[in-house]
Amino acid sequence: MMSDAPAKPIRIFCVDDNTLVTEALRLQLSRTAGLQWTGCAPDADSLLDQAKRECSDIVLLDIDMPGKNPFDAINELTEICGHSRVLMYSGLLRRDLVDRALDSGAWGYVAKTDGEQDLLQAIRAVAGGSMGFSRSIRTMMGEN
Amino acid sequence: MLMSLLDKSSAAGAPAHSSSVCGDAGQSSGFQESASSAHAELMRAHLASIVDSSDDAIVSKDLSGTITSWNKGAERVFGYSAAEVIGKHITIVIPYDRLEEEPAILEKLKKGERVDHFETIRRRKDGSLVNISLTISPVKNSQGEIIGASKIARDISERKRIERELNEYREHLEQLVEARSAELAATHNRLRSSERLSAIGTLSAGLGHDIGNVMMPLNAHISVVENSLAGSSEDLREHFQAIHQSVEYLQSLANGLRLLAIDPDDDLREVNGVTNLSAWWGEAEPLLRTALTKRFRLEHDLPDDLPPAAIPPHALTQAVFNLVQNAAQALSGMKFESSDFIGRVRIAARQSSDRKSLLITVSDNGPGMTAEVKAHCVEPFFTTKTRGISTGLGLAVVHGIVQNANGTLDIDSVPGNGSTFTMIVPVAKRLEVNPDEAKRKAIVDVSDPRLRALLSHELALLNYEVSASSSRIADDAVLLVIDGAPERRAAAAEFVQRNQDAQALIIGTACNGQPLSSRMVEVGPNVKLEAVRQVLRNIACSTGTMQQR
């Protein structure tokens with residue numbers, strides 16, 4: 001299961017238009033062992049621009065943002081950075097959005113309300129080749 | 001002219017006393033008289049024939065009301081022949097309840113007045129009634145004295161029938177307009193209500209979302225500060241604990257607000273519309289508590305083993321929130337008999353005896369409702385409270401939500417004994433792990449790492465023990481999922497051949513769940529996740545790993 005997990009730190013990029021969120025993520029993730037913060041962008045267009053310069057292992061992607069539709073951006077990102085894995089990071093808890101994200105190529109979905117530990121677990125799961133979901137999403141999807 | 005003619009006519013309208021046209025032809029004056037008389041006789045005969053052929057009933061009577069003439073039309077309208085009625089009193093054709101009309105008519109005639117187009121009812125020989133329009137004129141003799149009357153009676157039954165039908169149509173139309181107007185007003189009210197609710201839902205969800213967005217950084221910063229000050233003092237630890245508790249409370253409140261959102265895309269038939277009650281309670285409780293003051297207790301009894309309810313979480317929250325609010329208002333209005341009284345609002349759920357429904361109750365120990373209030377309380381804008389405090393929509397909203405979920409709302413309330421609102425909603429159909437079946441093995445031999453992860457995840461949800469290794473296919477595996485070129489079908493075919501219970505799913509180039517054989521299914525590479533899920537569910541059910549409840 002962990003065969004394709006990267007040996008080096010997991011490189012993480014984050015896309016959210018709320019700077020309070022991106023700053024908090026930077027605080028949390030940059031001080032977590034095994035993770036490497038590579039930066040953030042306020043929208044999906046900036047993510048794609050950034051991807052042309054540097055690819056990250058995991059991209060945390062918000063949904064409710066101005067600019068390019070984040071679901072469309074997942075496929076475009078994969079074309080630029082073949083190994084980047086997108087983990088949706090949103091305050092919207094809707095099953096249809098989770099399904100849409102998975103149909104669009106996302107590796108999982110984390111609710112912002114679910115806390116740091118859920119986020120870290122999901123990041124590690126995705127980096128290790130599994131899907132990553134936080135507890136609210138798992139409950140919503142019918143997992144107990 | 002007609003009157004005098006009739007006065008002398010026979011029963012069938014023929015002259016009763018015709019003058020002879022034979023006379024002394026040698027006497028010129030006599031001849032002239034005779035000629036004039038013959039002419040008059042001809043005229044009478046002509047007119048009599050007109051009268052006779054009239055469709056209208058033409059009848060004459062004397063001032064005592066005795067019938068003196070009766071034409072063919074009268075025979076047709078009333079059913080009596082002339083021989084039967086001449087000499088009889090005119091009341092023979094007047095119904096008993098209209099006998100008073102005759103003296104009034106005679107009175108007018110004696111004064112020389114006419115009665116024009118008097119619409120009334122007369123009775124036929126067979127007893128049936130006929131609507132007629134009467135025109136009655138006095139008949140005078142040559143001295144100008146009134147000696148009788150002529151009546152022209154027109155059968156207006158057909159006209160009356162049409163009038164009656166028109167009236168019925170008009171009344172029906174008015175009823176329709178009234179009913180449609182009421183429906184329109186009700187729809188208008190519902191729209192206004194749903195607009196308000198939608199606005200409240202959107203506002204609440206937005207607020208919940210935004211608070212959630214702030215909570216996340218707040219938690220992050222608190223953790224950083226807390227870690228940097230770790231172990232510095234017991235006091236600080238307590239402060240941090242208090243801050244964490246407050247943030248947690250705010251977070252749960254935000255989650256509850258989010259549960260108020262009305263999602264226009266929601267379809268109650270979809271799995272979106274399913275609520276696990278104990279999980280729902282965890283999120284909704286803080287919000288529900290805000291509807292109650294600290295004087296009142298919010299109690300719950302929602303067993304963990306209840307099946308999910310076929311109602312979306314946000315809809316259930318709205319309904320319960322309204323009921324709790326309602327209970328709180330009822331309790332607030334109570335004059336407490338003793339200071340020991342504790343207001344209680346209790347939320348409970350149990351499964352119906354046929355196990356098809358869930359009975360979700362919100363009860364209180366408040367003042368209860370009178371029969372009249374109970375009968376009207378679910379009507380929109382019905383309220384016993386002052387406008388401004390209540391929208392009058394609360395219970396109507398609950399009723400609407402429960403109806404949308406194909407459920408019913410029962411109200412049990414007795415003045416002095418509290419109220420219990422019971423929402424009876426269907427149990428959601430669901431797949432459950434078959435308790436008689438041990439976990440069975442599935443192998444996901446798919447090259448795309450994300451698709452492999454996704455399929456493994458979905459299969460784990462269906463109680464499979466998933467192996468992603470393609471190096472060795474375990475003999476006891478019951479499901480193989482592979483992708484790639486069509487030739488890989490051979491591997492799948494060999495697998496299902498080796499194990500009689502085994503099935504295979506091929507993510508291939510063909511499309512949409514086409515069964516290649518009874519135990520091999522192929523789906524296209526770009527098929528939507530929900531379609532793949534459905535195929536996997538079908539396989540899981542067919543192998544007994546899962547069962548539909």
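**Close-up views of a predicted two-chain region set**

B:Cys541 is partly exposed at 30% relative accessibility (buried is under 20% relative accessible area, exposed over 50%, partly exposed in between, with a 1.4 Å probe and protein chains only). This is a predicted model, in which local features need pLDDT of at least 70, side-chain atom pairs count only at pLDDT 80 or more, and totals for chains, interfaces and linings use all residues. Residues are numbered from 1 along each chain as its sequence is written, chains are lettered from A and ligands numbered from 1 in the order in which they are written, and side-chain values use heavy atoms, with hydrogens and water left out.

**View 1. The disulfide of A:Cys55 and A:Cys81**.
Over all chains, the structure holds 1 disulfide (a pair of cysteine sulfur atoms within 2.5 Å). The sulfur atoms of A:Cys55 and A:Cys81 are 1.9 Å apart. The torsion about their S-S bond is about -80°, so the disulfide is left-handed. The pair, 26 residues apart, links distant parts of the chain: A:Cys55 is in the loop between α2 (44-53) and β3 (58-61) of chain A, and A:Cys81 is in the loop between α3 (70-80) and β4 (85-90) of chain A. Helices (H or I, at least four residues) and strands (E, at least two) are DSSP runs, numbered from the N terminus. A:Cys55 is partly exposed, with a relative accessible area of 25%, whereas A:Cys81 is buried at 1%.

A:Leu35 is buried, at 9% relative accessibility. Leaving aside neighbours within four places in sequence, A:Leu35 is in contact (heavy atoms within 4.5 Å) with A:Pro9, A:Ile10, A:Ile12, A:Leu29, A:Leu120 and A:Ile123. A:Lys8 lies 27 residues from A:Leu35 in sequence and 8.8 Å away in space, C-alpha to C-alpha.

**View 2. Helices α12 and α14 of chain B**.
The axes of α12 (residues 449-461) and α14 (residues 529-542) come within 11 Å and cross at roughly 45°. Axes are lines fitted to C-alpha atoms, for helices over the stretch in contact, and angles run from 0 to 180 degrees between N-to-C directions. In α12(B), B:Leu454, B:Leu455, B:Glu458 and B:Leu459 meet B:Leu529, B:Val532, B:Arg533 and B:Leu536 in α14(B).
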